[in-house]
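Grab a pencil and open the viewer.

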Amino acid sequence: MLREQFRTAILGVIWLTLLTGCVFPLGLFALGHFLFPGRAQGSLLTRGGIVVGSEFIGQNFTRPEYFHPRPSAAGAGYDGTASGGTNFGPSNRKLIEDVRRLAEEYRGSNGLPPDAIVPIDAVTRSGSGLDPHISPANAALQVPRVARARGLSEEAVRRLVADQTQGRQLGFLGDPRVSVLELNLALDGLRAPELPLIAPR
Amino acid sequence: MRWLEYFVFLALVVGLAQPAGLYLAEVFERKPTFLDPVLRPVEFLLYRWLGVRSGQEMSARTYTLCFLLFSAIGTGGLFLLLLVQRWLPGGPADRYLTTPMTLDLAANTAISFATTTTWQAYGGETTLRYLTQLFGLVSQNFLAGAAGLAVGIAFIRGLARERSATVGNFWVDLIRALLWVLLPLSLVGSMILIWQGVPLNLVPYTEVHALEGGVQTIAQGPVAALEFIKNLGTNGGGFFNANGAHPFENPTPLVNFLGLLAIAVLPASLTITFGHMTGRPRAGWVLLAVMVVLFVGGLALCDFAESATPPQLAGLHISGGNMEGKEVRFGIGDSVLAAVVTSNTATGSYNSMHDSYRPLGVLVPLVNMLLGEVVFGGLGTGLYSMLMIALVAVFLGGLMVGRTPEYLGKKITGAETRLAVLYALLTTKVVLVLTGLALATAAGRAGLVTNMGTRGFTEVLFAYSSSMANNGQTMAGLNANTLFYNTTTAVAMLIGRFGLAALALALAGRFAAQRRWPTNVGTLPSDSATFGVLVLGTIVLVGALSFLPALALGPIAEALQH
């Protein structure tokens, strides 16, 4: 009897692995690429035929004319091949020091007074290190800086941020958010920038 | 708005429990279902190829043996695949795979996935090839999940039958769990995930030209094939290092919500399956009610902790809840909900970094795992965890009224009580002994590379709780990819899966053989609110007696510091 069950177990692992690890993904591939080809390929965003990013993967921005994402612990920052957070506990001195420094930098780059309240997402690192979003409050504080750097009215930039703000899904799921990469792409589209789109390599 | 989402979630879980539970009963009682025209031929074919005599039932002993054999061979196969993966074609270029697949990492990973723990001592995008993820991990997510469901059903049969020498046929239950439950739901669920933005491709990591210049390399892969079944099978191991926090694994709040439903609905509905198959539907509802009470309690505490700005940041003029390690799209609400759901249900697919949670925030997932994941619990395993503790409650109740305790007309004699108590004690022993061992040795303490003090202690306790509960989530500040942790967590995972399942099946066999005694005035009714309160009290009491000292050294001490 043991022999018979042993044989079934081996055959079971083989056939059922083929069914679930091979037939199932293949079926899914066929359906997925037929129905949602762009999604299946990673929702890549292109501009002028050049792939500039993915809708869902955060990208680093440091120049004043772009909105800045949250700080990131993925590799050297927004490394798409090394996702992860800091894993610092709330009492970890490194975390408290980092937040203090990040808050000072944030206030400095946005011309805010030293006691200005900063939204916490602007000074904490996400779990993935690839968070594509910032909170609407964070975006609002960056509007004056971006407008000045681009020679645009704050009103125009604010309107753009409002356009790019996603509400709660189905009205109650998740938090309102602004996609930094998509907002910056829209900014670039607002007025043909004299900056080179792609830095020469 | 957070509370609306919590409420809708819980309402859906409870609301879907009835139809899903009755469907599961139909599937495993081999009654006709609407999927039969498509699936019966496949089922018949698989029985023939595997040599399954589907009409022949097994004793609890044989059932356990088949479960062990199937799991052992699955583990061995995955272990070999991991060792040869470097020669597999396709996927990321070698230079991105920076984590070496050592023998101990391969063994740990194989055991981890074959036990539905899916504890990951590695980061997916820096370790695994696409074909390993598909053949190895996706398949084990299905197989181990289905095997757990089968064992849960066998346990129910033990309580439902009388004077029976058998508890079902493992292969039939396994194949029906795959064909009628996991595969169809995964197909539909995965398609929704792709529509929402989860990628599914085999292209190498993609280089994109960042707007500010330079190149960003984006890890890709067949993510959607893993993503739904990892939740549905209550496995939880991620495709990427950041697991459910990674935007490709969990791009939108809707995906997150569906994933959490996929985790909780089937385990919750098994209470209804149990009530239906034993002919005591109200007994099932009582268990579900106990689960809901514990769920809401944990959720409220975790939400309270995480929605406040950490006091350590006071004076820095910062506003908002604790967002370190959390994603903006999820905010506090989705993160807390995921932490509570995944820790209750043997699913490690956290979407925020628990190591950065506040002490009371991390206490909740830790306690959920230490209580043995009785709230919904792992697929199949959760139900017998709950019933085991219910039996301890029955025993205590019997002591109080001074007569032989019984549950659903089954007498709980010395032998049954021994099994139930052994079950309740096993988690305590394994978790506390291994935690002590880790803290007493240099090899164990070497894992504390990120946080020290009480938080470091909690990381170690969390690691073994997670392994023993076959959960797989982690406080990732602990460096667990060492020979010491790969070995010791594997031991906990094996005992947590097979030790507990063997005890549960042994008990099922004893119950199946018993006759059903008629109820009389002295019987403690198992379908009353009183019984629910007794079970609730027993869970809290056993949990507190077992773990309060350890918790006092970890999260509780840390909470008192600030």
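What follows is a set of exercises on confidence, the chain contact, strands and a helix pair.

This is a predicted model, where local features need pLDDT of at least 70, side-chain atom pairs count only at pLDDT 80 or more, and totals for chains, interfaces and linings use all residues. Residues are numbered from 1 along each chain as its sequence is written, while chains are lettered from A and ligands numbered from 1 in the order in which they are written.

**Exercise 1. Work out how far to trust chain A, and where to be careful.**

Step 1: start with the averages. pLDDT is the predictor's confidence in each residue, from 0 to 100. Chain A has a mean of 93, with 95% of its residues at 70 or more.

Step 2: A contact here means that the C-beta atoms of two residues, placed from the backbone, lie within 7 Å. Where pLDDT is low, the predicted coordinates should not be read in detail.

Step 3: check the rest. Chain B has a mean pLDDT of 95, and 100% of its residues reach 70 or more. The model's scores are ipTM 0.95 and pTM 0.96.

**Exercise 2. Describe the side of chain A that touches chain B.**

Step 1: count the residues. Chain A puts in 93 and chain B 101.

Step 2: find the main contributor. That's α1(A), residues 2-35, which gives the largest share of chain A's side, 23 residues. Helices (H or I, at least four residues) and strands (E, at least two) are DSSP runs, numbered from the N terminus.

Step 3: Chain A's side splits into 45 nonpolar, 35 polar and 13 charged residues. For this count Ala, Val, Leu, Ile, Met, Phe, Trp, Tyr, Cys and Pro are nonpolar, Asp, Glu, Lys and Arg are charged, and the others, Gly among them, are polar.

Step 4: β3(A) is joined to β3(B), residues 318-319, by two bridges, and the strands run parallel. V118(A) has I318(B) as its bridge partner.

**Exercise 3. Classify the packing of α7(B) and α8(B).**

Step 1: get the geometry. Helix α7(B), residues 223-232, and helix α8(B), residues 253-277, pack at an angle of about 40°, with axes 7 Å apart. That makes α7(B) oblique to α8(B). Angles under 35 degrees count as roughly parallel, over 145 as roughly antiparallel, 65 to 115 as roughly perpendicular and the rest as oblique. Axes are lines fitted to C-alpha atoms, for helices over the stretch in contact, and angles run from 0 to 180 degrees between N-to-C directions.

Step 2: list who meets whom. F228(B), N231(B) and L232(B) of α7(B) meet G259(B), A262(B) and I263(B) of α8(B). This contact holds four nonpolar residues, two polar and no charged.

How values were computed
Pairing = 2+ DSSP bridges.
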